Amino acid sequence: MSQYSNEEVLKSLEKVRPYLITDGGDIEFVSLEEDIVKIRLTGSCSECPHKFQTLAGIQEVILKDLPLIKEVKVVDDRN
């Protein structure tokens with residue numbers, strides 16, 4: 001169980017969504033399990049060579065809003 005709600009995570013993700021959309025991508029919230037946020041990068045973000053930098057920026061925003069989150073993971077259909 002997490003110390004945060006899905007709604008709190010979604011609110012934080014909404015802060016980065018406009019930047020991703022500007023570059024032709026987007027983000028999907030997948031789940032929150034034991035203070036680990038799982039997301040899926042979509043559109044151009046899913047195959048972008050800079051997606052690890054994008055993830056670092058997303059994680060920075062989430063940790064600023066929700067400091068007890070342990071990790072932000074990108075998942076895809078294979079995992």
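Which residues line the second largest pocket? The legends below take this up in turn.

This is a predicted model, with local features needing pLDDT of at least 70, side-chain atom pairs counting only at pLDDT 80 or more, and totals for chains, interfaces and linings using all residues. Residues are numbered from 1 along each chain as its sequence is written, and side-chain values use heavy atoms, without hydrogens and water.

**View 1. The second largest pocket.** V16, Y19, L20, D23, C45, C48, T54, G57, I58 and V61 form the lining. A pocket is an open set of points on a 1 Å grid where a 1.4 Å probe fits, with protein on both sides within 12 Å along at least five of seven lines; lining residues have an atom within 4 Å of a point. Two or more lining residues come from each of α1 (6–22) and α2 (51–65). Helices are DSSP runs of H or I with at least four residues, and strands are runs of E with at least two. The largest share, 4 residues, is from α2.

View 2. Strands β1 (residues 25–33) and β2 (residues 36–43) pair antiparallel over 8 bridges. Pairing takes at least two DSSP bridges. I27 faces L41 in β2 as its opposite residue. The hairpin has 2 residues between its strands, and E34 in the turn has a positive phi of about 50°.

View 3. The structure holds 0 disulfides (cysteine sulfur pairs within 2.5 Å). For C45, the nearest cysteine sulfur is that of C48, 6.4 Å away. C45 is buried at 6% relative accessibility. C48 is partly exposed at 25%. Buried means under 20% relative accessible area, exposed over 50%, and partly exposed in between (1.4 Å probe, protein chains only).
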